[in-house]
Amino acid sequence: MEVFERNFEENVKVIKQLLNNNRMTRFRAEFLAMHQYDQAKIFEQISPEERDKVYQYLSPSELASIFDAFEVDEVPIDDYFYEMNDNYAASVLAEMYADNAVDFLNHLKDLKKVKVYMQLMKPESAREISQLINYLPETAGSIMTTEFVWIDENLTLREAYEYLKTVAVQAETIYYVYVMDEHERLTGVISLRDLIINEDSRLVKDVMNTRVISVQVSDDQVEVAKMVQDYDLLALPVVGFDHELLGIITVDDILDIIQDEADSDYSGLAAVDVNVDHETPWSAAKSRLPWLITLLFLGMGTATLISQYEGLIESASVLSAFVTLITGTAGNAGTQSLAVAVRKLTNKTEEDTKNNLMFEILTGLIKGIIVGVTIAVVAGIWKQNIILGGIIGISMACAIFVANLAGALIPKLMNKIGFDPAVASGPFISTLSDLTSVFIYFTIASAFMSYLS
């Protein structure tokens, strides 16, 4: 069909024309032939009036497949659902994958609407979604889907294969087939390949792999994502405390978690929420001002500290030329250490924490010594004063070491007391490094002032 020969902008234009001209049959032919991702992107670009036509032309099942492709944080969920009548909206949610439907319901602002949708759904769909909503956020239970395929371990491979053909359509993924016993406890996993290449008369339990990698329903989603990465899995089973199989987590959900964590880390390092698209410059400025004002007062501490050394600067004005060099370099070192520390916080064991801290201490020492010696030589030759070069070099080495240590320790301390380690932002570390660097620099300069004169 010609839909694949046009670029995306042309497809948007064609779809808009078909909707505005009430060409339902042609719209369905064109739109449903597109990839699910393109359908979702076009849906985001059409007007409310045009979306109203879409609700008339597409079945709840067809619209649900489009909504499954949405990133829930990036689209106006409330607007979309409030445009539909309640019965249609409830049917769309019921047709979506359960984990995606839960994400949508959790993002709706009107809780009364959520209750209405749940009441209008079929009891089976409502019960399935209710179970997922009750799990704590950012846990394995909150991101798992209950649409998975499982078979009884006592079936023959022929019986299992015939059974799979009848139930596979309901599953979100069928890369792995999970095996349970009569108590619905997870006992193994079998691949489609094993189903095909083995004798039909063999029992599932004789062919399945009993070494199944699984997670508890209460496990943190970041740990779950790391496990999927480490073992290169396409799906991961989620079990309860009695090892009963409750659901699976698919790789597409893991990719979303990894992206969210990366955005969170970057937001912390930049002291700004990168996921929020502000409608006006005023709203953008308002969201960034609290951190800037906080850092302004912290920076005033640095200015106050410098003022305490006015007499020293007057006696040796050459010292002022190197203040920004030392504070800037130390701030950069602290930000580097911060970025590494936040990234490594996924390792939860105490032994890992001790090893990482010792690693950063040694790294700070090496960086401080090398950069300190370098600037000592450069400053000594430039100003033709070996004593000045020594002061600058020692100050630089100490400032880098302290900043590196602060960047490594502060996120760990925040994580220990229950705060988001991303709050230890790059600007905060940089400003804190300015304060400590100035103190170190002028303290060392004061100690060697007699030699400098």
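Ile 386 is placed in helix H21 (residues 386–416), where helices (H or I, at least four residues) and strands (E, at least two) are DSSP runs numbered from the N terminus. The model is a predicted one, in which local features need pLDDT of at least 70, side-chain atom pairs count only at pLDDT 80 or more, and totals for chains, interfaces and linings use all residues. Residues are numbered from 1 along each chain as its sequence is written, and side-chain values use heavy atoms, with hydrogens and water left out. Ile 386 counts as exposed because its relative accessibility is 75%; buried means under 20% relative accessible area, exposed over 50%, and partly exposed in between (1.4 Å probe, protein chains only). The C-alpha atom of Ile 386 lies 7.9 Å from that of Ala 376, and the two residues are ten apart along the chain.

The protein as a whole contains 23 helices and six strands. Of its 453 residues, 41% count as buried. Among the contacts in the protein with a separation of 6 or more, 71% are accounted for by residues 24 or more positions apart; contact means heavy atoms within 4.5 Å.

Two packed helices are described by the angle between their axes and the distance between the axes. Axes are lines fitted to C-alpha atoms, for helices over the stretch in contact, and angles run from 0 to 180 degrees between N-to-C directions. Angles under 35 degrees count as roughly parallel, over 145 as roughly antiparallel, 65 to 115 as roughly perpendicular and the rest as oblique. A crossing is left-handed if the near helix is turned anticlockwise from the far one by less than a right angle, and right-handed if clockwise.

Helix H1 (residues 8–20) packs with helix H2 (residues 24–32) at an angle of about 155°, and their axes are 9 Å apart. H1 and H2 are therefore roughly antiparallel to each other, and their crossing is left-handed. On the H1 side the contact is made by Ile 15, Leu 18 and Leu 19, and on the H2 side by Arg 26, Phe 27, Glu 30 and Phe 31. By class, this contact of H1 with H2 has five nonpolar, no polar and two charged residues; Ala, Val, Leu, Ile, Met, Phe, Trp, Tyr, Cys and Pro count as nonpolar, Asp, Glu, Lys and Arg as charged, and the others, Gly among them, as polar.

H1 also packs with H3, at an angle of about 60° and with the axes 10 Å apart. H1 and H3 are therefore oblique to each other, and their crossing is right-handed. Phe 8, Asn 11, Val 12, Ile 15 and Lys 16 of H1 meet Asp 38, Lys 41, Ile 42 and Gln 45 of H3. The residues of this contact of H1 with H3 comprise four nonpolar, two polar and three charged.

Helix H5 (residues 60–67) and helix H7 (residues 86–95) pack at an angle of about 60°, with 8 Å between their axes. H5 and H7 are therefore oblique to each other, and the crossing is right-handed. H5 contributes Pro 60, Ser 61, Leu 63, Ala 64 and Phe 67 to the contact, and H7 contributes Tyr 88, Ser 91, Val 92 and Glu 95. Six of the residues in the contact of H5 with H7 are nonpolar, two are polar and one is charged.

In helix H4 (residues 48–57), the buried residues are Glu 50, Arg 51, Val 54, Tyr 55 and Tyr 57. These buried residues of H4 pack against H1, H2, helix H3 (36–45), H5, helix H6 (77–83) and H7.

The UniProt record (unreviewed entry) places the feature "transmembrane region" at residues 289–306, 318–340, 361–382, 388–410 and 431–452; its positions are given in the numbering used here, feature names are shortened, and annotations may be inferred rather than shown by experiment. Over residues 318–340 the chain is 78% helix and 0% strand, with the end C-alpha atoms 35 Å apart. Over residues 388–410 the figures are 100% helix and 0% strand, with 32 Å between the end C-alpha atoms. Ala 316 is in the loop between helix H18 (310–315) and helix H19 (323–344), and counts as buried because its relative accessibility is 9%.
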